[in-house]
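Today I want to look up charged pairs and nonpolar packing.

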Amino acid sequence: MRRRLAELRGPDVPPQPLDARALAALAANPGCRRRALLDGAGVPKAELARSLGAPAAFGQSQFAFMRGHAFEARVKADGGAELLRLTHARLGGGPEPVPGEARVPDLSAAGPEGRAARTELALREATAAGAWTLLDHPMLALDVAGTPAFLEPDAVVVAPDGTWTVVEIKSFPMVDGAADAAKVGAAARQSAVYALALQDVAARLDPAPEVRHRVLLVCPKDFSNLPAASAVDIRKQLSVTRRQLSRLTRVEEIAATLPPGTTFDVTRSPAELTAAVEAVPATYAPECLAACELAFHCRARARAADEVTALGRSLRAELGALTTVEAALAAARGEAGDPADPAVAALRRAGELRAEALAGGAA
């Protein structure tokens with residue numbers, strides 16, 4: 001299987017490692033076979049998008065990066081005193097932490113494998129110690145389709161009661177105790193990946209510690225540089241991510257449907273790459289623009305095919321058998337569609353109401 005994936009990627013193209021953002025994006029769009037195959041094969045999608053003539057710009061500005069780094073440093077200052085206080089205030093876990101008395105183990109080691117092993121040892125020691133412990137940028141390993149993906153959360157807190165908590169520190173603001181729902185959702189999906197990796201570590205301990213299904217999201221308060229925190233329940237994201245990762249173990253089934261000789265080698269011509277990409281079905285949605293390097297290419301194809309998915313997954317679900325924009329408009333005009341279909345009936349009623357409104361306005 002690894003040889004087959006290497007052939008798809010290209011013999012001279014190093015595999016693109018999976019990180020928490022990529023795994024979270026997979027969970028956000030579990031029906032996209034194209035992304036599942038490309039990520040499973042380690043294809044560098046940013047280079048592929050450029051070769052296809054549809055590059056996507058991702059990443060923070062230098063100012064946003066520096067601001068986020070400064071905010072994270074403030075949250076973790078003084079041995080993580082403020083971070084541990086927020087953890088206790090939102091999630092409990094034992095007696096109130098005393099500033100200066102928390103454990104902050106050194107997690108440095110050679111290479112990601114060494115850091116992951118050092119992190120696991122620190123988690124064992126912290127659980128046995130029964131004291132507040134802050135693991136700053138630990139390294140976790142998660143098996144993805146038989147290959148370890150190395151993940152680095154912002155922090156993990158071990159409470160005196162032995163529970164483990166994932167901490168996500170973001171630079172978007174929390175205004176009046178609430179943050180942007182879309183950004184919180186993205187942070188929850190990313191945290192679910194870390195929690196799954198932590199669960200793998202916990203399963204190797206006896207007894208296995210509890211990995212909390214609520215993570216601590218820390219953001220600037222009301223556009224200031226002061227930290228505010230919220231406990232985010234990620235049970236739904238855990239379930240979806242676990243299911244999607246199990247699908248990645250079957251990428252060979254997707255690969256088996258491809259024409260012989262198909263490759264995503266970014267050194268090939270745009271025509272060859274376009275044919276290879278189009279051979280794998282995609283499930284485009286507007287949310288892909290913020291999560292996938294191929295989003296602009298897939299959006300152009302979805303619009304060219306008049307697909308309803310280009311307008312959003314929720315609308316696609318509402319329209320049922322009406323898979324194109326023209327089919328939906330024809331149903332609204334009463335020119336096509338089964339009148340017994342609830343979606344067709346709703347569209348026709350909407351069309352009638354629109355016609356009445358326009359007629360009233362003209363009068």
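Predicted model: local features only at pLDDT ≥ 70, side-chain atom pairs only at ≥ 80, totals over all residues.

I count a salt bridge when a side-chain nitrogen of Lys or Arg is within 4 Å of a carboxyl oxygen of Asp or Glu. Residues are numbered from 1 along each chain as its sequence is written, and side-chain values use heavy atoms, with hydrogens and water left out.

**Entry 1: charged pairs**

By that rule I get 19 salt bridges. For helices I use DSSP runs (H or I, at least four residues), numbered from the N terminus.

Are the two partners buried or exposed? My cut-offs are under 20% relative accessible area for buried, over 50% for exposed, and partly exposed in between (1.4 Å probe, protein chains only). Lys 45 is buried at 6%, and Glu 293 is partly exposed at 22%.

Next I checked Asp 39, which has a salt bridge to Arg 35 at 2.8 Å between the closest N and O atoms. Both sit in helix α3 (residues 33-41), 4 residues apart, about one turn of the helix. Asp 39 is buried at 5% relative accessible area, and Arg 35 is buried too, at 8%.

I also looked at Glu 326 and Arg 333, whose side chains meet in a salt bridge of 2.9 Å, N to O. Glu 326 is partly exposed at 43%, as is Arg 333 at 44%. Salt bridges with shared partners join Arg 35, Asp 39, Lys 45 and Glu 293 into one network.

**Entry 2: nonpolar packing**

A nonpolar core here is a set of buried Ala, Val, Leu, Ile, Met, Phe, Trp, Tyr and Cys residues joined through side-chain atoms within 4.5 Å. The largest one has 44 residues, and those touching the most other members include Leu 23, Leu 151 and Trp 164. Helix α8 (residues 181-203) gives the largest share of this core, 12 residues.

I picked Leu 151 and listed its contacts (heavy atoms within 4.5 Å). Leaving out residues up to four places away in sequence, Leu 151 touches, among others, Leu 18, Leu 23, Pro 138, Val 193 and Tyr 194. There is also a second, separate core of 30 residues, with Leu 37, Ala 41, Leu 258 and Ala 276 among them.

Technical notes. Helix = DSSP H or I, 4+ residues; strand = E, 2+ residues; numbered from the N terminus.
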